[in-house]
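Here are my notes on this model.

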Amino acid sequence: MKRLYIKVPALLIVITIPVLLTGCDQNNAEHSGPHIPGPDFKSDVNTGKKLFATNCSKCHGLDGMGTDKGPPLINQTYRPGHHGDMVFHFAVSKGAKQHHWHFGDMPPVSGLSPEDVGHIIAYVRNEQRKAGVR
């Protein structure tokens with residue numbers, strides 16, 4: 001009968017990782033993903049337009065074409081194939097690091113439900129399609 005020997009460093013890793021993981025706070029908002037609408041959610045472009053005007057236009061412009069405070073969302077940079085809908089959910093719930101433009105980091109936007117963000121995304125995607133952003 002052969003004996004299996006585990007080296008001490010490997011054994012420490014096997015024991016330490018689960019202990020460290022159990023110490024993680026699973027409810028910590030900084031580490032959790034965004035909340036998204038449920039599978040039965042139906043977006044509404046008109047509701048999204050109103051929510052965008054109230055919550056997003058200060059930086060992204062009433063028409064989504066940007067301002068001196070934030071980038072244009074009606075732009076190839078934000079096309080669905082480059083910045084999918086989940087990116088918008090993350091940006092609203094967690095904020096976004098500056099990476100394509102020089103406006104600084106986007107702070108999280110409070111007071112919006114996942115459904116609200118879903119409506120806003122529908123509005124932005126509709127405007128993108130009308131502008132030929134694909």
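1. Disulfides: the count is zero, taking a disulfide as a pair of cysteine sulfur atoms within 2.5 Å. Cys-56 is in none; its nearest cysteine sulfur belongs to Cys-59, 8.9 Å away. That is too far for a bond.

2. Basis: this is a predicted model, where local features need pLDDT of at least 70, side-chain atom pairs count only at pLDDT 80 or more, and totals for chains, interfaces and linings use all residues. Residues are numbered from 1 along each chain as its sequence is written, and side-chain values use heavy atoms, leaving out hydrogens and water.

3. Exposure of the two cysteines: Cys-56 is buried, at 13% relative accessible area. Cys-59 is partly exposed, at 29%. (Buried means under 20%, exposed over 50%, partly exposed in between, with a 1.4 Å probe and protein chains only.)

4. Gly-61: this residue sits in the loop between α3 (57–60) and α4 (85–94). (Helices are DSSP runs of H or I, at least four residues, numbered from the N terminus.) Gly-61 is buried, at 6%. Beyond neighbours within four places in sequence, Gly-61 contacts Phe-52, Cys-56, Gly-66 and Thr-67; contact means heavy atoms within 4.5 Å.

5. Largest pocket: its space is about 670 Å³. (A pocket is an open set of points on a 1 Å grid over the protein atoms alone, where a 1.4 Å probe fits, with protein on both sides within 12 Å along at least five of seven lines; lining residues have an atom within 4 Å of a point.) Of the 34 lining residues, His-60, Pro-71, Ala-91, Ala-96 and Met-106 are closest to its centre.

Definitions and conventions: Helix = DSSP H or I, 4+ residues; strand = E, 2+ residues; numbered from the N terminus. Points joined across faces, edges and corners; volume = space filled by probe spheres on them.
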